[in-house]
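This report is for a reader meeting the structure for the first time. Please look over the sequence and the model before reading on.

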Amino acid sequence: MKLALESEDIQKKFGHFTALGGVTIQVPRGEFVTLFGRNGAGKTTFLKIAATLMRPTDGSFRVEGIDIRKEPERARRQIGFLSHNTFIYRDLSAIENLRFFCRLYGADSSDSRLMGLLERVGLRRRANDTVRNFSRGLQQRVGIARVLLHDPQLVLLDEPYTGLDAQAVTMLNDMLDEIVKDGRTVILTTHDLEQGLRAATRVLIMDRGKIVLSAEAHDPEIRATYSRLIVTGARR
Amino acid sequence: MKPVVAIIHKDVAIEFRNKESISSMLWFGLLVLVIFSFSFDSSGAGDVDIRAGLLWVAFSFAGILGLNRSLSMESDNDCLQGLLLAPVDRGDLYLGKVAGNLVFSLVAELIILPVFAVLQHVHFDWKLLAIAGITVAGTLGFVSIGTTLSMISAHTRMKEVILPVLQIPMTLPVILCAVTATDMVLKNETAGISFPLSVLGLFSIVYLTASYFIFEYVVEE
Amino acid sequence: MKIRMLAILSLVLIPISLYFAFIYAPTENTMGHLQRIFYFHVPHAILSYVSALLLGLGSLMYLIKGDLKWDRLAYCSAELGILFTVTTLLSGIIWSHPAWGTWWEFDARPTLELMLGLLFVGYHMLRAYLPERESRARLSTVFGFLAALDVPINYFATYIWEQHHPRVIGPGGDLDPDMGIALLVSMITSGIIYAYLLAQRIEIAKVEEEVEYFEQVVQA
């Protein structure tokens, strides 16, 4: 079984504060994993380490079999990362943004390919419009196109539903379904229980820097733990 | 090199569209020139010729403004993270940003220079060309360390305040040598001009090299 | 224990050093007793450069090893660097006015000292605006290392500048052997005081970090 992501005892400390206190998980290829947790549980930190944006204090991390500490650039070619920030330049057009990132990734930056990508996210007609004039939902679509342009095997999404209207949410879900159908692996963090469970094959719940539950998506224990830790925790 | 070229291309395209960096550097530099021209007898006829210093004060303050603009470009929408996600060596990322900053600074400065010549009674001859050459050397030193310092400042609460606090002390040798060399040219006393130019070159080499290797520590979270 | 020994040694050496500077050393021909500032000014200037060296070393070692003890060495040295830069500049100013009739000249050495002081202050200002311990260490050590590299370049720059704008520096020539001994005693004393201050400051820094940690725990 090929593993898309494999972490062993990943720790991340910020001075005296422990954000991750030893996270060990294995995610096989093709899985859709949703990661739940309260604010400050360590979800974003874990995802950023997976995306090589942060270095772990200790532990080992492999993406598609590549050690991210030893070969971070090779690992980055396999990873697509999207958060509620889209990382696109607002003064460039949609197609200019994609062309730039293609050049960084060494991917095919031909107009036909880029227009095809924009077609997939429903932005073909606005390819040459400056992103500054786009709504949040449309900017998120450009962000998704950016994530996919180098054909990553592992797609990481950090609370991508934030600030999206219903239409944008539907579009995002359609894209995620396509990504999974293509055989890619998705790891998603969200506060939205229903969105998180919609397409997931596996669910992880984090609390205080550790995995407290790892279960198949339809396991009833998920809702119980979610309610106890996250909902109750929020009230407290 | 391809990522470096892509980053330069992207920065130039954005600047072409919004014209924020060059225009702000240009106008601020000109304003400094004008204010100092009003404030001091800088015709060169008095006891002390301050023209060289005046020019480099204008360039320094304008340069810091340009670095702040460049920083904003990458902080908006967290675009720096997008760059860091790409399989690009952090040193190449640094070089791309230095090149962009250098281009914008030089465009503004090479427009300020003839205005300086008019206001400060400098003839449009070989001297101006020589000063343009010194400008290139000095600006390279300025942006080689300034690009790193602007990225460091980006992590702080008061980025626009911290950048000049760090940049000005670090680039004092650049300013000293550039002012010395410019003054030598203006006075037609160019014997020994190779020394300040060598120090400018040394500064650029040291900081381009050090920053290339150290940049990953600046950008990581 | 070591800190206490350094403190005792400092207390013993201070009066000895004062004796050598004010009584043992002969009176200088041109400047008279004013010249005796030299026995404090020179060691303090040297120690400000030692601080720069330790800042650079501590910063580089932190970047390589990631151990916070090196960051502590860097910022404690930089603090002492500010102290000794200020005392150097002040003693220079006190000397300058009666000797040359002016409080300040942009000669190479005072200019270098001023530039060094600005680098130390910039370093500490940067640290003040970085609340999180790890990023504070990482970013300030990058700046600390780059600032330490600047010191030799500053040296070349200021001497070139000075040649272009010639000034009279001050008395040159050979040093009287007795003056040399007084200077040596003063340097050793200042060095011991520096070592004591640095060691003590590092100990205080460790306690400050513990307090910062417990504050975070309480707030969390």
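A residue counts as buried if 20 or more other C-beta atoms lie within 10 Å of its own, and as exposed if 12 or fewer do. The model described here is predicted.

## Helix H2 of chain B

By the definition of burial above, the buried residues of H2(B) are Ser21(B), Ile22(B), Met25(B), Leu26(B), Gly29(B) and Leu33(B). They lie on the same side of H2(B), because the arc that they cover around the axis is only 115 degrees. Exposed residues are found on the face of H2(B) turned away from its buried side, namely Phe38(B) and Ser39(B).

## The fold of chain A

Chain A contains eight helices and 10 strands. Along the principal axes, its C-alpha atoms fill a box of roughly 45 × 40 × 35 Å. A compact globule with 236 residues would have a radius of gyration near 18 Å, and chain A agrees because its own value is 18 Å.

Of the 236 residues in chain A, 45% are buried. Contacts between residues at least 6 apart in the sequence of chain A include 68% that join residues at least 24 apart.

## Where chain A touches chain B

How many residues of chain A are in contact with chain B? There are 23, and they meet 22 residues of chain B. Helix H2 (72-76) and helix H3 (94-105) of chain A each supply at least two residues of this side. H3(A) gives the most, with six residues.

By residue class, the side of chain A that touches chain B has 12 nonpolar, two polar and nine charged residues.

## Where chain C touches chain B

On chain C, 27 residues are in contact with 28 residues of chain B. The elements of chain C that give two or more residues to this side are helix H4 (108-128) and helix H5 (133-164). H5(C) gives the most, with 18 residues.

The side of chain C that touches chain B divides into 20 nonpolar, five polar and two charged residues.

Notes. Residues are numbered from 1 along each chain as its sequence is written. Chains are lettered from A and ligands numbered from 1 in the order in which they are written. This is a predicted model: local features need pLDDT of at least 70, side-chain atom pairs count only at pLDDT 80 or more; totals for chains, interfaces and linings use all residues. Helices (H or I, at least four residues) and strands (E, at least two) are DSSP runs, numbered from the N terminus. The arc is that of the directions from the helix axis to the C-beta atoms. The radius of gyration is taken over C-alpha atoms; the globule rule is 2.2 Å times the number of residues to the power 0.38. Two residues are in contact if their C-beta atoms, placed from the backbone, lie within 7 Å. Ala, Val, Leu, Ile, Met, Phe, Trp, Tyr, Cys and Pro count as nonpolar, Asp, Glu, Lys and Arg as charged, and the others, Gly among them, as polar.
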